[in-house]
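Here is a short tour for you, with the model shown just below.

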Amino acid sequence: MIEVKNLVKQYGDHIAVDHLSFTVEKGQIYGFLGPNGAGKSTTMNIMTGYLSATEGEVLINGHNIFEEPEEAKKCIGYLPEQPPLYMDMTPLEYLYFVAELKKIPKADRAQMIADIMKLVKITDVCERLIRNLSKGYKQRVGLAQAIMGYPEIIILDEPTVGLDPKQIIEIRDLIKTLSEKHTVILSSHILSEVSAVCDYVMIIAHGKLVASDTPDNLSKLMLGSNVLDLTIKGNKTMIHEMVSALPDIDSMEVHDSAEPGCVDIVVKSPQNVDVREELFYKFSEAKCPIMMMKSSNMSLEEVFLELTTDKASTKQEKKKTFFKKKEEENKKEENKEEKESSNESNI
């Protein structure tokens, strides 16, 4: 759906975007993360045709944004960090203006505007001047203009900046609703929000892509293994022997628990191996109740800080390590699929 190839944006001696490449697939919510000055907004402005690029290309549904801007922009709805609003208009007047700019057929405008206002919940303020609206409502009006024409791709730059917690939750729910019919790309500094909303995360630092995967896989790849925390009721020595005898366990730690008659254990297994069922049946057979079992992952905040450190050499090494781990993981999955396919053909 979107292909960014070897993108470079240079301002004099400063390189804002440095040979950036990535692909966006249909029907996903993508989180675009990076520290201030990483090149997020610049990349989004180039993708939407607001800025030119020094090098590289951006393809939107096969249309080059620089060579076929009109065709490419038809596929995109864009909400910049500062919504492009006319303060002396009402939301209704503004949306009719946007519909005309986007060449929405006149016969469809009234119904489309009514549906979009209902979707973003601004119907009750549609006759008030935009200048008199709260920050949250202004953001909703900006979002309405991005949705106008129902583009396949919606790009949101810091859509919840300056909103209160209630407004953030409402915009988050709206983004999830939009993802049912649109591909959504959003940038945000609220990493918990990205974890809650996004299917896929791309992290950039100093204009370069340093990580790209699902939030769960980012955590597993950075840790290098699956980690489980368990609290088990039973004898410490027996539990240690049972777990250490399992073939898919890389390492384990056993500690005294604060819960009477229990022990706490930390179990590490390979990234592509899930040992939860195996552990459940093992402890069930031994009549050792599992009082607690949870995956112990790095939070997105921890992954973000690890990958965007200012130490350039360390950052480059981490980037290489991350993509090397990801490549190894993909090869393991391919080998597994080949084995399964071979077994099926033999049967």
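The notes below cover a helix, a hairpin and some aromatic pairs in this predicted model.

## An enclosed helix

After α1 comes G49, which has a positive phi near 85°.

## The β9-β10 hairpin

Strands β9 (residues 200-205) and β10 pair in the antiparallel sense over 5 bridges. Within this pairing, M202 stands opposite S212 of β10. The two strands form a hairpin with 2 residues between them, and H206 in the turn has a positive phi of about 50°. Strand β10 (residues 208-213) is mostly covered, with 5 of its 6 residues buried.

## Aromatic pairs

Across the whole structure, a search finds 6 aromatic pairs. In one of them, the ring centres of F22 and F32 are 5.8 Å apart and the planes meet at 50°, so the pair is tilted. F22 belongs to strand β2 (residues 14-24) and F32 to strand β3 (residues 29-33), so this pair ties together parts that are 10 residues apart in sequence. Both F22 and F32 are buried.

The rings of Y50 and Y78 have centres 5.2 Å apart and planes at 65°, so this pair is edge-to-face. Y50 sits in the loop between α1 and β4, and Y78 in strand β6 (residues 76-79), so the pair links parts 28 residues apart in sequence. Y50 is exposed, with a relative accessible area of 56%, whereas Y78 counts as buried at 7% relative accessibility. Elsewhere, Y86, Y94 and F97 form one aromatic cluster.

Definitions and conventions
Residues numbered from 1 in each chain as written. Predicted model: local features only at pLDDT ≥ 70, side-chain atom pairs only at ≥ 80, totals over all residues. Heavy atoms only, no water. Buried < 20%, exposed > 50% of the residue type's maximum accessible area, 1.4 Å probe, protein only. Helix = DSSP H or I, 4+ residues; strand = E, 2+ residues; numbered from the N terminus. Pairing = 2+ DSSP bridges. Phe/Tyr/Trp six-rings, centres within 6.5 Å; stacked < 30°, edge-to-face > 60°.
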